[in-house]
Amino acid sequence: MEFKFKTVTKGILKQSAFKILTNPFRIKRRIEKIKEKKLLIILNLHRVAKDDGSSYRPLDPKIFNKLILYLKEHFVFTSFSEIKNERKNIDLLTEKAKVILSFDDGYKDFIEIAHPILLHHGIKANHNIIPNCVNQQRPPINVILQDYIGKISKEELRKFKIPNYSWDEKLTKYQEGLKLSRHIKNNPYRVQLEIEKYCFDQVGDRL
């Protein structure tokens, strides 16, 4: 009962916060202040794709396209290289505030889905890859586990063991995936490698 009450209260608070923060007048004033202070906005994104069952939910392509249209109306798209060149030659002032789109972790769906949308709109973006993942030909262990636990049953999940980690029955698989990812990233790299070996030894190529 207490958990249900907390969940409902949290949901109401979140809805109220979204209503306040997405007020058109408030957003307009914030954009004006961004321009006045000559701030460069960098939007950090990860995945743009249809839901594929991973516990790490991607941004839906339709929403991403709407985001692009909104940004085109209120901002000027730029890149890190353009900013570097402009600092040598001209002032950063433009009619609109400037924004850079930056994608982290080198997900494959960037090439398959996000990149064609960016090309359609004529927009450059920053794309950060993880060289070690390129060399090993597999994602970081936290990403692998988020995909894995999103696609197995709750019964299989309870049998799956992670060192120094316990599953929470009250959480959805989406919430559990975020919690597990934080747990892994908060450990030293040496420990992350130990967790990775433990998981692969346990279920092998199913990961």
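The structure is a predicted model, and its protein chain has 207 residues, of which 30% count as buried. In terms of secondary structure, the protein chain comes to 10 helices and four strands, and these follow one another along the sequence in the pattern α-α-β-α-β-α-β-α-β-α-α-α-α-α.

**Chain as a whole**

- When contacts between residues at least 6 apart in sequence are considered, 57% of those in the protein chain join residues at least 24 apart.
- The protein chain has an accessible surface of about 14,200 Å², and carbon and sulfur atoms account for 56% of that area.

**Helices H7 and H10**

- Helix H7, which spans residues 141–151, and helix H10, which spans residues 189–203, have axes that come within 10 Å of each other and cross at roughly 35°.
- The crossing in which H7 passes H10 is left-handed.
- On the H7 side the contact is made by Ile141, Ile144, Leu145 and Tyr148, which meet Gln192, Glu196, Cys199, Phe200 and Val203 on the H10 side.
- Sorted by class, the residues in this contact of H7 with H10 are seven nonpolar, one polar and one charged.

- The side chain of Glu194 is joined to the side chain of Arg190 by a polar contact of 3.1 Å.
- Between Glu194 and Pro163 there are 31 residues of sequence separation, while the C-alpha to C-alpha distance in space is 8.8 Å.

**Glu176 in helix H9**

- Glu176 is found in helix H9, which covers residues 173–185, and Glu176 counts as buried because its relative accessible area of 1% is under the 20% limit.
- The side chain of Glu176 reaches the backbone nitrogen of Asp168 at 3.0 Å.
- Leaving aside residues up to four places away in sequence, Glu176 touches Ile149, Tyr165, Ser166, Trp167, Asp168 and Leu171.

Terms used
Residues are numbered from 1 along each chain as its sequence is written. This is a predicted model: local features need pLDDT of at least 70, side-chain atom pairs count only at pLDDT 80 or more; totals for chains, interfaces and linings use all residues. Side-chain values use heavy atoms; hydrogens and water are left out. Axes are lines fitted to C-alpha atoms, for helices over the stretch in contact, and angles run from 0 to 180 degrees between N-to-C directions. Helices (H or I, at least four residues) and strands (E, at least two) are DSSP runs, numbered from the N terminus. A crossing is left-handed if the near helix is turned anticlockwise from the far one by less than a right angle, and right-handed if clockwise. Contact means heavy atoms within 4.5 Å. Ala, Val, Leu, Ile, Met, Phe, Trp, Tyr, Cys and Pro count as nonpolar, Asp, Glu, Lys and Arg as charged, and the others, Gly among them, as polar. A polar contact is a pair of N or O atoms within 3.5 Å; within protein, one must be able to donate a hydrogen and the other to accept it, and residues adjacent in sequence count only if both atoms are side-chain atoms. Buried means under 20% relative accessible area, exposed over 50%, partly exposed in between (1.4 Å probe, protein chains only). Accessible areas come from the Shrake-Rupley method with a 1.4 Å probe; for residues, only the protein chains shown count as cover.
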